[in-house]
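The exercises below are meant for a reader who is meeting this structure for the first time. Each one sets a task and then works through the solution step by step.

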Amino acid sequence: MELSDVIRRRRMVRNYTDEPVAAAAVGAALEHAVRAPSAGFSQGWAFLLLDTPGDVGRFWSVTTPDEGSAGTRWLAGMRRAPVVIVALSCKNAYLERYAEPDKGWTDRDEARWPAPYWDIDTGMAALLVLLTAVDEGLGACFFGVPPQRIDAFRDGFGIPADHHPVGAITMGHPAPGAVTGSARTRPRRPTADVVHRGRW
Ligand SMILES: Cc1cc2nc3c(=O)[nH]c(=O)nc-3n(C[C@H](O)[C@H](O)[C@H](O)COP(=O)(O)O)c2cc1C
């Protein structure tokens, strides 16, 4: 598929069939993820791949309220996704990388960072997963792990203390009515509104 088609077709898919996903498609998504750019080539990211019903079920049970609880309707279709990939960032990898001689920030002072590049780079990698899903004829959705559930998620999957879940990605075959959410009710901001040529 042409890159422009992949980009235009990518939408967050929140409803899936129960058809399994080819392992090769998941593999391609993860291979592409590690092609993302990263500050200083720190590559301070990690991906928790959950691709068995048991692991996927455990993800939902530790990160969301019970099915049927208030505010969980949108999760019904999400729970059917056969694959969940949690994208994690590691700030320490950046502080260590930038303390190396060619960078020289040996004080590891976080005030030096104009933005949390560890989360940004992991987000860029996550976008490559989303785009690869489209290229593989699949759907995917990026969403957050609620802050109050992060400890349970860590315990449930043995996540190291210096890794932070930036977001999770469901992946699977889109079911009818797969695209819902804010993009159905809010217009896309026109390019002319967001691009400021020369000066603001
Ligand atoms: C950082 C981030 C967090 C998001 N969190 C959620 C979420 O928790 N639940 C959800 O349904 N969608 C989530 N989304 C998806 C957005 O709602 C979606 O990207 C937006 O409405 C535009 O729709 P589109 O991606 O289909 O074009 C998230 C997207 C991003 C980039």
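**Exercise 1.** In which loop is Gln43 found?

Solution. Gln43 is found in the loop between α2 and β1, where helices (H or I, at least four residues) and strands (E, at least two) are DSSP runs, numbered from the N terminus. Before going on, note that this is a predicted model, in which local features need pLDDT of at least 70 and side-chain atom pairs count only at pLDDT 80 or more, while totals for chains, interfaces and linings use all residues. Residues are numbered from 1 along each chain as its sequence is written, and side-chain values use heavy atoms, with hydrogens and water left out.

The next step is the backbone: phi of Gln43 is near 55 degrees, a positive value in a residue other than glycine. Phe41 is found in the loop between α2 and β1 (45-50), and its phi, near 50 degrees, is also a positive value in a residue other than glycine. The last step is exposure, for which buried means under 20% relative accessible area, exposed over 50%, and partly exposed in between (1.4 Å probe, protein chains only). Phe41 counts as exposed because its relative accessibility is 55%, whereas Gln43, at 33%, counts as partly exposed.

**Exercise 2.** Describe how the elements of the protein are ordered and how its overall dimensions come out.

Solution. Begin with the count, which gives eight helices and four strands, and then read their order from the N terminus on, which is α-α-β-α-α-β-α-α-β-α-β-α. Turning to dimensions, the C-alpha atoms fill a box of roughly 50 × 45 × 35 Å, taken along the principal axes. Finally, of the 200 residues in the protein, 38% are buried.

**Exercise 3.** At what angle do helix α2 and helix α6 pack, and which residues meet there?

Solution. Helix α2 (residues 23-33) and helix α6 (residues 117-135) pack at an angle of about 145 degrees, with their axes 8 Å apart; axes are lines fitted to C-alpha atoms, for helices over the stretch in contact, and angles run from 0 to 180 degrees between N-to-C directions. On the side of α2, the residues are Ala28, Ala29, His32 and Ala33, and they meet Ala125, Leu128, Val129 and Thr132 in α6, contact meaning heavy atoms within 4.5 Å. The residues of this contact divide into six nonpolar, two polar and no charged, where Ala, Val, Leu, Ile, Met, Phe, Trp, Tyr, Cys and Pro count as nonpolar, Asp, Glu, Lys and Arg as charged, and the others, Gly among them, as polar.

**Exercise 4.** Is Thr122 buried or exposed?

Solution. Thr122 has its place in helix α6, and it counts as buried because its relative accessibility is 0%. Leaving aside its neighbours within four places in sequence, Thr122 is in contact with Gly44, Trp45, Ala87, Leu88, Ser89 and Val166. Leu127 is found in helix α6 as well, but it counts as partly exposed, since its relative accessibility is 41%. The C-alpha atoms of Leu127 and Ala29 are separated by 9.8 Å, although the two residues are 98 residues apart along the chain.

**Exercise 5.** Which residues are buried in helix α3?

Solution. In helix α3 (residues 53-63), the buried residues are Val56, Phe59, Trp60, Val62 and Thr63. The buried residues of α3 pack against β1, α4 (75-78), β2 (83-89), β3 (139-143), α7 (150-157) and β4 (164-172).
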